[in-house]
Amino acid sequence: MMRFLLPLVIFVVLAGFLFVGLSLNPREVPSPLIDKPAPAFTLPQLHEEKKQFSPADMKGKVWLLNVWASWCVSCREEHPVLMALSQQNIVPIYGLDYKDKPEDGKMWLARGGDPYVLSVMDREGRIGIDYGVYGVPETYVIDKQGVIRYKQIGPVNQQNLSEKILPLVAELQKQ
Amino acid sequence: MKKILILLFCLLPTFSFAGEAQDMAENPELEKRMIVLAEKLRCLVCQNESLASSHADLAEDLRREVRELMQKGMSDDEVVDYLVSRYGDFVLYDPPVKSYTMLLWFGPFALLLVAGLGLFFQLRKRRETVPEANLTPEAHQRAEALLKEEEKS
């Protein structure tokens, strides 16, 4: 009896591990920046290059930093969701136009609509490196103290918006 | 005299080479250091490639960043810390020993131990179940004769 039971148990455990492995997404690398202060930057705005924006300007507010680019394919998928979110006036969305030409970025927003309060330009992707960006689009939820509380890797969609981002935003806004 | 001249001419290229190499020494060395370090780091876009071999845009940016940090005089460890603080332990091909990597580092040894113990007890049990054959000298001779017969046929 034991002779057949033991290999069966080993097989079931192994299959269990492999099955869980199938459902994990290797593209989602946990960010070490969660619960750390959002890296500081001062960058020119996309639409008014003479004006600048810095995360320090947002102290006391809960906000989203969305990393996007006109060349980014998945951003197209995410765009309508962000447009709808910006019309609801729940949380301000700021854009980081990542490794993009300003003309292209502006044209992209003119065509599909602009969900952002404002966007800043990270032409060489240096601020992207500070934020650990490796796959655009990425979205950071930043709290009133300027601490990153959540990072969405890949497009924002109805599911992760209603399950994770919005409940977190509501909770942070109460604090 | 002629021989000495030939010898001198032979040596000439080495002199000129030495002079040139010294001028360029600073950058290639740094580049080499950068590549050696980048081979130990994982590119986040194409995850099975090192930072040194990847052609992804991000890998190029990160190589530029590493080069600049090295120019600023950062040591290899400081550069690695810089990247880990942004991208996490995932960038390291060699994962550090931490509480949550214990299973990864020591799991195989634990499995080996379990298998070894299993084998040990199994063998001991078998020795108990197979009794030593106590044969009389006559019975021993008969057994040998039977075995020989078997060989012949």
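# Briefing on a predicted two-chain model

Buried residues account for 36% of the 175 residues of chain A. The structure is a predicted model. Chain A contains 5 helices and 7 strands, and an open sheet of 5 of its strands is described below. Chain B is divided into two domains, and chain B is also in contact with chain A.

**Overall form of chain A**

- The C-alpha trace of chain A spans about 80 × 35 × 30 Å along its principal axes.
- The radius of gyration of chain A is 20 Å, whereas a compact globule of 175 residues would have a value near 16 Å.
- Among the contacts in chain A with a separation of 6 or more, 72% are between residues 24 or more positions apart.

**The sheet of chain A**

- The strands of the open sheet stand in the order β5-β4-β3-β6-β7 of chain A, and their pairing is mixed.
- At the edges are β5 (118-122) and β7 of chain A, each of which pairs on one side only.
- On average, neighbouring strands of this sheet are turned by 20 degrees against each other, direction ignored.
- As a general principle, strands of a sheet pair through backbone hydrogen bonds, in either a parallel or an antiparallel manner.

- Strand β6 (residues 138-142) and strand β7 (residues 148-153) of chain A run antiparallel and are joined by 5 bridges.
- A:I142 has A:I148 as its bridge partner in β7(A), and A:V141 has A:Y150 as its bridge partner in that strand.
- The hairpin has 5 residues between the strands, and A:G146 takes a positive phi near 80 degrees in this hairpin.
- Helix α5 (residues 158-174) of chain A lies across β6 and β7 of chain A, and runs at about 165 degrees to β7(A).

**Backbone features in the loops of chain A**

- Most residues other than glycine have a negative phi, and most peptide bonds are trans.
- A:N89 is not a glycine, yet its phi is positive, at about 55 degrees. A:N89 is placed in the loop between α2 (73-88) and β4 (93-98) of chain A.
- Is A:N89 buried or exposed? A:N89 counts as exposed because it has 7 C-beta neighbours inside 10 Å, and the exposed class extends to 12 or fewer.
- A:K99 likewise has a positive phi, of about 50 degrees, although it is not a glycine. The place of A:K99 is in the loop between β4 and α3 (102-112) of chain A.
- A cis peptide bond, with omega about 0 degrees, joins A:V136 and A:P137. A:P137 lies in the loop between α4 (126-130) and β6 of chain A.

**Chain B and its contact with chain A**

- The two domains of chain B are domain 1 (27-96) and domain 2 (100-152). Their C-alpha centres lie 52 Å apart.
- How many residues does each chain give to the contact? Chain B gives 13 residues and chain A gives 11 residues.
- On the side of chain B that touches chain A, the elements giving two or more residues are α3 (57-71) and α4 (76-87) of chain B.
- The residues on that side of chain B comprise 7 nonpolar, 3 polar and 3 charged.

Definitions and conventions
Residues numbered from 1 in each chain as written. Chains lettered and ligands numbered in written order. Predicted model: local features only at pLDDT ≥ 70, side-chain atom pairs only at ≥ 80, totals over all residues. Domains from an automatic or database assignment. Contact = placed C-beta atoms within 7 Å. Helix = DSSP H or I, 4+ residues; strand = E, 2+ residues; numbered from the N terminus. Nonpolar A, V, L, I, M, F, W, Y, C, P; charged D, E, K, R; others polar. Pairing = 2+ DSSP bridges. Rg over C-alpha atoms; globule rule 2.2 N^0.38 Å. Buried ≥ 20, exposed ≤ 12 C-beta atoms within 10 Å, placed from the backbone. Axes fitted to C-alpha atoms, helices over the stretch in contact; angles between N-to-C directions.
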